[in-house]
Amino acid sequence: MASLFAAISIACAAAEPVTLRVGVCAPTVSVSLAPFAVAEKLGYSERENLRFDFIVAGTSTDCAKYLATRQFDTAQFSIEQIIAMRLQGVRMTTFYTFSQGNVYGIAVPQDSAIKTLSDLKGKRIGVTSMSSVGVLNGRAFLATVGLNPQTDVAFSAAGTGAQAAALLNRGQVDAVSMFDTQFAMIGNAGTPLRLLPLPQEYRAFPTTGFVALESTLRDKRAALEALGRLWAMGSEFTQANPEAAVRMAWDYFPQLKPVGTPEEQALANEVAVLKARLANWDLALGGVSDWGESNPAHYAAYVDFLLKWKMIQPGIPPTDLYTNALVPAFNRFDQQAVLKAAADWKK
């Protein structure tokens with residue numbers, strides 16, 4: 001592994017590791033954090049002298065508020081909250097885009113009679129919580145087909161995973177407006193879903209990245225560069241060997257490993273969840289070549305979409321929502337060495 005870091009300038013040379021507080025914008029940690037586990041289990045974090053303190057914040061809306069009050073250094077959330085905070089004078093921005101494609105959508109049980117967004121008129125749509133981005137996105141999706149999202153449908157909190165699956169099975173909600181990993185988790189709970197068709201242009205809108213206050217980017221730049229590099233290496237490994245990444249995530253976050261499910265079935269379920277997220281990490285989808293890179297044209301198109309369907313307030317230019325200044329540092333690692341580690345890994 002020594003060659004892996006041959007081209008890397010170690011971010012924190014002091015004997016005492018630097019700890020970054022990372023907000024988790026979900027009710028619990030999930031296997032989508034696998035790159036952090038890979039970085040830890042393969043010694044990448046130790047080489048960078050970096051540690052992470054994960055803080056479960058609930059939703060991306062909560063994450064944005066906690067980031068604004070400096071309760072953590074960075075978190076993974078989408079640009080709607082960045083715009084809302086910048087309109088309030090809080091200067092935060094995405095410094096690493098990793099979901100190069102849209103993670104959000106509206107899904108129904110596979111055997112549902114609902115085939116299109118228009119069919120949702122008069123229906124009930126479940127969201128993880130009423131403060132989730134699923135509400136905003138769901139309303140925008142409905143507006144694209146001429147429905148009034150305030151009067152033609154009803155949104156209600158459905159929770160996550162098995163809880164949401166139960167509500168769908170009982171007919172208490174007809175559809176769910178959530179995101180990629182949640183759709184997979186509901187499927188794992190015994191309710192396979194079918195995504196409703198969305199506007200084609202929405203597919204390549206960047207939706208999630210690491211966000212930090214501009215002051216944190218200035219004061220902790222070396223540590224955030226190291227975080228991005230670790231995430232890039234972990235992502236490279238995870239794409240190449242998702243099964244290994246899941247097993248590492250179980251070791252790093254023991255609460256993730258299901259209890260009462262045969263291990264092979266649990267592994268298959270978690271790999272399905274992870275692959276749902278990996279599809280949106282594809283650099284080609286974002287029209288970029290480097291890990292963490294933000295595509296200016298895609299950000300501009302996404303802001304136009306959000307403004308058109310009144311999901312955000314005007315006043316923040318797309319260029320305020322991201323920076324590519326740290327991208328070269330994220331990609332300063334030996335890609336072939338990471339891929340070899342993934343190919344050679346044995347449980």
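This is a predicted model: local features need pLDDT of at least 70, side-chain atom pairs count only at pLDDT 80 or more; totals for chains, interfaces and linings use all residues.
**Entry 1**

I then checked Val22 against strand 3, where its bridge partner is Thr74. Gly23 has Ala75 as its bridge partner in strand 3.

Strand 1, residues 18–24, pairs with strand 2 in the parallel sense, over seven bridges. Strand 1 also pairs with strand 3, residues 74–77, again in the parallel sense, here over two bridges.

I traced the strand order as 2-1-3-10-4, an open sheet of five strands with mixed pairing. Strand 2 and strand 4 (92–99) are the edge strands, and each pairs on one side only. From one strand to the next the twist averages 30°.

I then looked for a helix on this sheet. Helix 1, residues 34–41, lies across strand 1, strand 2, strand 3 and strand 10 (208–213). I noted its direction against strand 2 as about 150°.

I traced another open sheet of five strands, in the order 7-6-8-5-9, with mixed pairing. Strand 7 (154–157) and strand 9 (193–195) each have a single partner strand, so one side of each has no neighbour in the sheet. Neighbouring strands in this sheet are turned against each other by 35° on average, with direction ignored.

Inside the sheet I checked strand 6 (residues 124–127) against strand 8 (residues 175–179): they pair in the parallel sense over two bridges. Ile125 stands opposite Ala175 of strand 8.

Helix 6, residues 161–169, lies across strand 5 (104–109), strand 7, strand 8 and strand 9. Against strand 8, helix 6 runs at about 160°.

**Entry 1: helix 7 and helix 11**

I looked up how helix 7 (residues 180–188) packs with helix 11 (residues 263–278): the angle is about 155° and the axes are 8 Å apart. Angles over 145 degrees count as roughly antiparallel, and the two helices are therefore roughly antiparallel to each other. I noted their crossing as right-handed.

I listed the residues that meet. Helix 7 brings Asp180, Thr181, Ala184, Met185 and Asn188. Helix 11 brings Asn269, Glu270, Ala272, Val273, Ala276 and Arg277. Sorted by class, the contact has five nonpolar, three polar and three charged residues.

**Entry 2: positive phi**

I checked backbone angles last. Most residues other than glycine have a negative phi, so I wrote down the exceptions I looked at.

Asn49 has a phi near 60°, a positive value in a residue that is not glycine. Asn49 sits in the loop between helix 2 (44–48) and strand 2 (50–56). Is Asn49 buried or exposed? Asn49 has a relative accessible area of 12% and is therefore buried, the cut-off for buried being under 20%.

Lys310 also is not a glycine, and its phi is positive at about 55°. I placed Lys310 in the loop between helix 12 (296–308) and helix 13 (327–330). Its relative accessible area is 71%, so Lys310 is exposed, the cut-off for exposed being over 50%.

Terms used: Residues are numbered from 1 along each chain as its sequence is written. Side-chain values use heavy atoms; hydrogens and water are left out. Two strands pair if DSSP finds at least two bridges between them. Helices (H or I, at least four residues) and strands (E, at least two) are DSSP runs, numbered from the N terminus. Axes are lines fitted to C-alpha atoms, for helices over the stretch in contact, and angles run from 0 to 180 degrees between N-to-C directions. Contact means heavy atoms within 4.5 Å. Angles under 35 degrees count as roughly parallel, over 145 as roughly antiparallel, 65 to 115 as roughly perpendicular and the rest as oblique. A crossing is left-handed if the near helix is turned anticlockwise from the far one by less than a right angle, and right-handed if clockwise. Ala, Val, Leu, Ile, Met, Phe, Trp, Tyr, Cys and Pro count as nonpolar, Asp, Glu, Lys and Arg as charged, and the others, Gly among them, as polar. Buried means under 20% relative accessible area, exposed over 50%, partly exposed in between (1.4 Å probe, protein chains only).
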